[in-house]
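Dear colleague,

My notes on what was found follow directly after it.

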Amino acid sequence: MKKPPRSKPLLRSEAPIRSRPRGKRNPAQPQLLFDPMPERVEPALAQLMSRPPKGNEWSWELKWDGYRLAVHIEPQGIRILTRGGHDWTHRFPAIAEAARALGPATMIIDGEAVVLDAEGQPDFGLLQQSLGASGKQAGNRASNAVFYAFDLIYLDGHDLRDVEYRSRRHLLEDTLNGPRNDQVGAVRLSETLDGEPNVLLEHVCRLGLEGIVGKHLDRHYRSGRTGDWVKVKCVQSEAFFIVGYEKSAASPTGFGSLVLAAYRDGDLVHVGSVGTGFRQAEIIRLRKMLDTLRWKRKQPPLPYSGSVEIAWVEPTLIAEIEFRAWTSDGKLRHPSYKGLRERQDNAEVFRLD
C-alpha cells in the first residue's frame, strides 16, 4: 500500500497555548502547575457526509477501520480507554509499552487501534480475531495492534480542548515525530493528506480503504457529533443486531446467513440477512455462540414476513456490516460481514430515521 504523504506543520501562529483557568490542585498530581488531567474525555465523533465539504479550513486524513481509543500517559502509568470508557490497557500491551516510551510527559492521545494485513492495510476482522471479541476468548491481547494517533487532548498540565485543532495537530506531530518515536512501532501518527478531498477520496477508495475524515482547523475539541469532524466513506458500514440465522443444509455446524435488525423508534425491525464475508472458522465460532442465545419464546423478536425458516436468537450480538445501499423496502443491499462489535467499545446499533 502506498504510504500517505507525510504531514506538514499546520501551526502558523506563535501565539501561546491557551489553557483553562487554574482549577483546584489535584493531590495525586502535585507537579502539574496548570490544568489537572481529566479522568476521561468523551470523544469527538465524525459526522457522516455523502461528499466532502468545500473550503480550505479542513484537514484530511485516512479513516481507520478499528477501535477508537484514548491513551492516557499519567504519572501513575499508562491507561488505554475505549470509546465507552472501559479500561483495555491489558488488551493492548504493545501500544501501552510504546506509549510508556513517550514519557515522562503527561498526555492524552486520541486515536484508533487497528491490525494491519500483509499488505499494510487495516483489517477489522484481524483485529477482532486478536481480541477474541465476544467469544470464549474475550479479553485476549491484541499484541499486533497499532495505534494511529490523530489528536492531542492534554499535554503536560495543559488541557488542550479549548485550543484550535491546527495547534493541537502541530503539538501532536512534534510529540510523535521526536527521537522517542520512529513511526514504525505500535504508536504512529495518522498522517494528513494533501490534496483536493474528492480526489483523495477517489484514491483512497481505489486502494480499498475505509474512507477519509476531515477536521475543521479552527475548531476546539468538542465531544460528540458536532460537525467539527466529518467522515466520507467509500462504502457504508454500520452495526446491527444479529437476531437469528438460516440453517445450512451443506453444513450442520454452520449457517446459511445471519438475520439482521436495526432500531426504529425503540423497536427492532428486520433489515435483511448477510451471507458473505465469513471465514469458515468464524462461521463455526458464531454458530456455537448463537446456539447459546436461542430464542425461547413462540414469537420471533421482531416482525418477520419471510418464508425462510429462521432459528431466532436473543438480540445480544452486534455485527459490523458493510453494504452498498438500501433497497426500497428498507433492506441492506449487498451486505458483507466484517466482524463482531463489543458493548465495551460502545457499539451503537443503527437507528433508522
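I begin with Asp35, which lies in the segment before strand E1 (47–48); helices (H or I, at least four residues) and strands (E, at least two) are DSSP runs, numbered from the N terminus. The model is a predicted one, in which local features need pLDDT of at least 70 and side-chain atom pairs count only at pLDDT 80 or more, while totals for chains, interfaces and linings use all residues. Residues are numbered from 1 along each chain as its sequence is written, and side-chain values use heavy atoms, with hydrogens and water left out.

Asp35 is buried, because its relative accessible area is 3%; buried means under 20% relative accessible area, exposed over 50%, and partly exposed in between (1.4 Å probe, protein chains only). Its side chain reaches the backbone nitrogen of Asp159 at 2.9 Å. Such a polar contact is a pair of N or O atoms within 3.5 Å; within protein, one must be able to donate a hydrogen and the other to accept it, and residues adjacent in sequence count only if both atoms are side-chain atoms.

Overall composition

The chain comes to five helices and 18 strands. Of its 353 residues, 53% count as buried. Among contacts (heavy atoms within 4.5 Å) between residues at least 6 apart in sequence, 70% join residues at least 24 apart.

Core and helix H2

The largest nonpolar core has 35 residues, and Val71, Phe92, Ile95 and Ile109 have the most contacts inside it. A nonpolar core is here a set of buried Ala, Val, Leu, Ile, Met, Phe, Trp, Tyr and Cys residues joined through side-chain atoms within 4.5 Å. Elements that give two or more residues to this core include strand E3 (67–74), strand E5 (107–114), helix H1 (93–100) and helix H2 (124–131). Not counting residues up to four places away in sequence, Val71 touches Ile78, Arg79, Ile80, Ile95, Ala99, Met107, Ile108, Ile109 and Phe147.

H2 is largely enclosed by the rest of the structure, because six of its eight residues are buried. These are Phe124, Gly125, Leu127, Gln128, Ser130 and Leu131, and the buried residues of H2 pack against E3, E5, E15 and E18. Gly132 follows H2 and has a positive phi, near 60°.

Strand pairing

Strand E15 (residues 318–323) and E18 run antiparallel and are joined by five bridges; two strands pair if DSSP finds at least two bridges between them. Ile318 has Arg341 in E18 as its bridge partner. E18 is mostly covered, with five of its six residues buried.

An open sheet of four strands has the order E1-E10-E9-E2, with mixed pairing. E1 and strand E2 (58–62) stand at the edges, each with a single partner strand, so one side of each is left without a neighbour in the sheet. E1 pairs with strand E10 (residues 229–233) in the parallel sense over two bridges, and Gln47 stands opposite Val230 in E10.

Loop residues with positive phi

Most residues other than glycine have a negative phi. Asp156, in the loop between strand E6 (146–155) and strand E7 (158–159), has a positive phi near 45°. Asp156 is partly exposed, with a relative accessible area of 41%. His334 has a positive phi near 55° and is found in the loop between strand E17 (332–333) and strand E18 (336–341). His334 is exposed, with a relative accessible area of 59%.

The largest pocket holds about 950 Å³ of space. On a 1 Å grid over the protein atoms alone, a pocket is an open set of points with protein on both sides within 12 Å along at least five of seven lines, a cavity is a set of points where a 1.4 Å probe fits but cannot get out, and lining residues have an atom within 4 Å of a point. Grid points are joined across faces, edges and corners, and a volume is the space filled by probe spheres set on the points. Of the 37 residues that line this pocket, Arg83, Arg225, Lys231, Lys233 and Glu348 are the closest to its centre. The largest share of the pocket lining, four residues, comes from E11.

Yours sincerely
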